[in-house]
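Please look at the sequence and the model below, and then follow the chain through its sheets and helices.

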Amino acid sequence: MTINGKTRLTGLIGNPVEHTLSPVIHNGISDKMDIDCVYVPFKVETEGLDSAIKGAYELNVLGMNVTVPHKNDVIASLVGIDDCAKHIGAVNTLVRDEEKGGYVGYNTDMLGLRRQIHEDGINLNGRTVVILGAGGAAKAVVYMCLLDGADKVYLLNRTLDKAQKIADDMNKLAKDGAIAGANNCSAVIPCSIGDYADIRENNLIVFQATSIGLFPNVDSCVIEDDSFYDKVEIGVDLIYNPAETKFMQIVKAHGGKAYNALKMLLYQGVIAYELWHKVTVDNDILEDIYVELKRRVYPKDNIVLIGFMGSGKTTFGKAIAEKLSMKFFDTDEYIEQRENMTIKEIFATKGEEGFRQIETDVLRELANTLDGCVVSTGGGMPLRIENARLLKEIGKVIYLNVATQVIYERVKEDGKRPLLQVEDPYGRICEMMTERKPLYERACDVIFDANCNDPEVIWTSLKNDGII
Ligand code: ATR
């Protein structure tokens, strides 16, 4: 985007802020919705917090996110606060209020987690919940559980005092009728972490809200005892890096469902964005931004080649793999082995839709497993938007763009291409190219001219253009 006189500013206040992913979310949405706004991180020291907030208002900043260590202290500098944020005692989003002449605080962390679990079909109403940890994140989770009508909330922490304090605060709010869904004024039960064996209920929903298991300490988990996990039906880890924490692994090994909280990160940002810009961000955009987040948090070292049949995905792919000492991986070959049928046979028995579904299933699998490969893909693979997103999760996507005539020359003798078994293959190629070109362009990170037949020349231009 180009910055002009009307460009608005939003941003993040915290310390440190260097590793924040919020710009991916906010600038990504502005870009996709063509909204004239930029989002910038600001490192602010505790002593300067109040003047930073006042200064931001004077500078006409539209809205701010607030992160560690300012989520509590910022409240003193606001002109208003939403009830949820007030009850949780933490604010992560500031919304400009012209009438009041300052910012109003919200807690979209809690709202983001709530949106994530609702989307995953997790209903807390009447349930017994266990929360591991009693820090700032845990407090927001306790509040969410009461709001959604949980019957009982065991709050387990290494330091019992902290759990006790949160339980007292939240039970009092419930007693005062301050939380709409809360129907019991002693629902929150503080415990020491070692007391998990005293929990008698089964089918537990557990939120992991300690810092244990966070990258790089991926082999740690706050409770490892099997007897606890036998009672767990659903586990949600508030950590998203690694993608599957030790806690999640143990929950799954015991037959439970497990989720990380990358969607919570996305949704806390989206909800803030919607409050600032008074828009609704549609699902298609959310899916795209979610892929971008995954690419940043779980980077993969793959190169993915897409393009029409005969565009050189296999020939050039093999040459590139050799030059880079990477493995070569052909999705069509993999599908043939997996299904124990040729592509032609799959088309004949399952139809094109059946084949496309197999492609999607395979991509989902490869998004978790493939690393260090040059990947050659089936020509129709990126046609489904879902597949296009999965390809981006797998690696950097390069579209080998080749003229129709060149394609025709390369494939005319090849009887193995099921889509070309027609009377006028050249006409068919023209038709398909018109239909597919925009979809390849949508699916790729880079468009590369691959009309030349010499792999050595292709390799040199890919390198010279800084593509690989
Ligand atoms: P956040 O704001 O993300 O919740 P926090 O307030 O620092 O972060 O809370 C971290 C949580 O992880 C706390 O519940 C902490 O337990 P204590 O209150 O006893 O400190 C928990 N935690 C961190 N390291 C731990 C460890 N080694 N064993 C058990 N709990 C731990």
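Contact here means heavy atoms within 4.5 Å. Helices (H or I, at least four residues) and strands (E, at least two) are DSSP runs, numbered from the N terminus. This is a predicted model, in which local features need pLDDT of at least 70 and side-chain atom pairs count only at pLDDT 80 or more, while totals for chains, interfaces and linings use all residues. Residues are numbered from 1 along each chain as its sequence is written, and side-chain values use heavy atoms, with hydrogens and water left out.

We can begin with a pair of helices. T404, Q405, I407, Y408 and V411 in helix 15 meet P425, Y426, I429, C430 and M433 in helix 16. Helix 15 covers residues 404-411 and helix 16 covers residues 425-443; they pack at an angle of about 130°, with their axes 10 Å apart. Axes are lines fitted to C-alpha atoms, for helices over the stretch in contact, and angles run from 0 to 180 degrees between N-to-C directions. Angles under 35 degrees count as roughly parallel, over 145 as roughly antiparallel, 65 to 115 as roughly perpendicular and the rest as oblique. Helix 15 and helix 16 are therefore oblique to each other. Helix 15 passes helix 16 in a right-handed crossing. A crossing is left-handed if the near helix is turned anticlockwise from the far one by less than a right angle, and right-handed if clockwise.

Helix 10 (residues 283-297) packs against two other helices. How do helix 10 and helix 14 lie to each other? Their axes come within 9 Å and cross at roughly 15°, helix 14 being residues 385-394. The two helices are therefore roughly parallel to each other. Their crossing is right-handed. The contact is made by D284, E287, D288, V291, K294 and R295 of helix 10 and by R389, K392 and E393 of helix 14. Helix 1 and helix 10 pack at an angle of about 140°, and their axes are 10 Å apart. This crossing, too, is right-handed. On the side of helix 1 the contact is made by V24, I25, G28, I29, K32 and M33; on the side of helix 10, by I285, D288, I289, E292, L293 and R296.

Next come the sheets. Strands of a sheet pair through backbone hydrogen bonds, either parallel or antiparallel. Two strands count as paired if DSSP finds at least two bridges between them. V95 has V104 in strand 6 as its bridge partner.

Another open sheet is formed by six strands in the order 9-8-7-10-11-12, and here the pairing is parallel. Its edge strands are strand 9 (188-192) and strand 12 (257-259), each of which pairs on one side only. From one strand to the next, the twist averages 20°. Strand 7 (residues 128-132) pairs with strand 8 (residues 152-157) over five bridges, and V130 stands opposite Y154 in strand 8. Helix 6 (residues 160-175) lies across strand 8 and strand 9, running at about 175° to strand 9. Helix 8 (residues 246-253) lies across strand 7, strand 10, strand 11 and strand 12, and runs at about 165° to strand 11.

Strand 16 (residues 396-401) pairs in the parallel sense with strand 13 (residues 303-306) over four bridges, and the partner of L305 in strand 16 is I398. Strand 16 also pairs in the parallel sense with strand 17 (residues 446-449), again over four bridges. There Y399 has I447 as its bridge partner.

Some local features remain. Where does helix 13 bend? The bend, of about 115°, is at K350; a bend at a residue is the angle between axes fitted to the seven residues ending there and the seven starting there. The peptide bond from V68 to P69 is cis, with omega near 5°, and P69 is found in the loop between strand 3 and strand 4. The bond from N241 to P242 is also cis, with omega near 10°; P242 is in the loop between strand 11 and helix 8.
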